[in-house]
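Welcome to a short tour of a protein model. Have the sequence and the 3D view ready, and let us walk through it one region at a time.

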Amino acid sequence: MKRSEAIYLDHASGTTLLPEVKSCISDWLESGMTNPSSIHQEGRRSAAGLDEARTIIAKVLGCKPSEILFTSGGTEANNLAILGGVDVLKEKGRHIITCATEHPSVLESYKSLEKSGFQITYLKCDSNGDVDPEAFRASITEDTILASFMWVNNETGLVHPVETLAQIANDYEVKFHCDVVQAFGHFPINMENSGIDSLALSGHKLGAPAGIGALYVRKGHAISRTSFGGSQEQNVRAGTQNHMGAKALAIAMDYHLAHIDTLHKKYSDLLDYLQGHLQAMPGIQVNRQGKQYSPNILSCSFKHVDGEALFIRLDMKNIAVSNGAACSSGSQAPSHVLTALGLDENTAQASLRISMGIKTTKQEIDDFCRELEQIVTSIYRDSE
Ligand SMILES: Cc1ncc(COP(=O)(O)O)c(C=O)c1O
């Protein structure tokens with residue numbers, strides 16, 4: 001029997017709009033997008049909406065509204081925190097510490113800094129992708145100006161010991177940046193006493209539309225502008241603000257904070273159920289062991305399976321999951337995260353990231369597991 005709907009288990013890429021966000025967007029569509037920098041009443045109305053969004057986000061994160069800058073998403077927030085932060089810090093030193101499993105928006109920022117003479121240490125990770133806080137401490141030198149570690153890895157769901165890492169950075173007066181794009185909504189994140197100097201967020205992982213994100217920058221931690229034009233966002237991020245998106249992001253963040261425990265329980269139960277089914281499949285390896293993981297992301301790999309054949313067959317069944325190839329569009333190179341965990345290229349390519357969202361049901365997990373088992377069994381059979 002052909003299903004009429006997709007099985008969508010790729011919520012870590014982009015998730016369904018929250019109903020509260022949809023109604024906020026339709027209100028804005030009715031009233032029109034005026035420019036918050038305009039001095040007339042209509043512009044001031046948009047500016048007030050932007051201020052309100054900033055205030056809500058600040059409350060959710062336990063910081064001041066002036067510490068929130070709106071961006072176009074997580075990528076821009078990471079770029080701005082790193083490139084803008086380093087531009088101010090460069091007189092103090094030229095050494096930065098991170099790890100190899102960060103998101104490309106972080107790693108590519110560092111690559112560009114390497115070209116300008118900065119020295120980047122990519123800490124080795126263990127077979128789960130975790131970093132050792134003591135190895136981090138040992139890699140800090142007098143020249144170290146910045147460290148950045150993501151809270152939750154977007155491909156494996158691994159949780160890094162961010163609080164410990166930030167504390168170590170603080171001990172040595174090294175600035176600390178954290179990408180919480182996949183962590184927000186799953187773990188309590190509060191900036192008070194966090195030791196974190198900057199933090200990147202993205203809307204479309206949370207039920208807001210794509211094209212909005214935010215950067216938290218601790219008061220006193222200066223960053224330079226990386227875009228030029230108007231003096232919006234405290235003279236750091238030029239360009240007319242997406243105030244509709246900002247409001248949607250605020251609503252989505254507020255929603256996630258209010259429902260964090262219920263959602264955590266829902267995802268944990270579904271994930272246990274999913275993992276139980278997956279473990280019975282032929283040739284499977286679940287990339288999740290002995291550490292703390294986000295409850296909504298599970299990575300698994302199949303031995304001796306052609307990754308391309310696997311994804312073609314999943315797509316033919318209208319099943320949406322991520323593959324073990326790099327997440328930049330169109331790229332088929334094996335994922336840098338999975339290869340850093342020690343997976344060989346073939347196994348990395350025959351890997352799935354299954355990620356759940358608010359709408360995911362047990363029925364969907366059942367349907368997915370049934371289809372996946374049939375596909376994998378048929379691939380093994382065809383290759384005999
Ligand atoms: C951990 C992480 N950081 C940054 C980003 C980039 O965010 P955006 O798509 O909003 O630019 C993503 C997107 O998948 C991500 O998973």
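## A loop residue and a helix residue

Glu 173 is found in the loop between α6 and β6. Those labels follow a simple rule: helices (H or I, at least four residues) and strands (E, at least two) are DSSP runs, numbered from the N terminus. Residues are numbered from 1 along each chain as its sequence is written. Keep in mind that this is a predicted model: local features need pLDDT of at least 70, side-chain atom pairs count only at pLDDT 80 or more, and totals for chains, interfaces and linings use all residues.

Is Glu 173 buried or exposed? Glu 173 counts as exposed because it has 10 C-beta neighbours inside 10 Å. The cut-offs are these: a residue is buried if 20 or more other C-beta atoms lie within 10 Å of its own, exposed if 12 or fewer, and partly exposed in between, with C-beta atoms placed from the backbone. The phi of Glu 173 is near 55°, a positive value in a residue other than glycine. Asn 235, in helix α7 (residues 232-236), also has a positive phi, near 65°. With 10 other C-beta atoms within 10 Å, Asn 235 is exposed. As background, most residues other than glycine have a negative phi, and most peptide bonds are trans.

## Strand β5 and its partners

Now look at strand β5 (residues 144-148), where 5 of its 5 residues are buried. Strand β3 (residues 95-99) pairs with β5 in the parallel sense over 3 bridges; two strands pair if DSSP finds at least two bridges between them. Here Ile 96 has Leu 146 of β5 as its bridge partner.

β5 is also joined by 3 bridges to strand β6 (residues 175-179), and these two run parallel. Ala 147 stands opposite Phe 176 in β6. To get from β5 to β6, the chain passes through helix α6 (residues 162-171), making a right-handed β-α-β crossover. Right-handed means that, with the strands pointing away from the viewer, the path from the first strand over the helix to the second runs clockwise.

The chain is divided into domain 1 (7-17 + 260-382) and domain 2 (19-258), with bounds that come from an automatic or database domain assignment. Their C-alpha centres lie 27 Å apart. How many residues of domain 1 are in contact with domain 2? There are 30, and they meet 30 residues of domain 2; contact means that the C-beta atoms of two residues, placed from the backbone, lie within 7 Å. On the domain 1 side, α11 gives the largest share, 4 residues.

## Around the ligand

Of the 13 residues around the ligand, Gly 73, Gly 74, Thr 75, Asn 154 and Ser 202 come nearest. A residue is near a molecule or strand if its C-beta atom, placed from the backbone, lies within 6 Å of it. Helix α3 (residues 74-89) provides the largest share of this shell, 3 residues.
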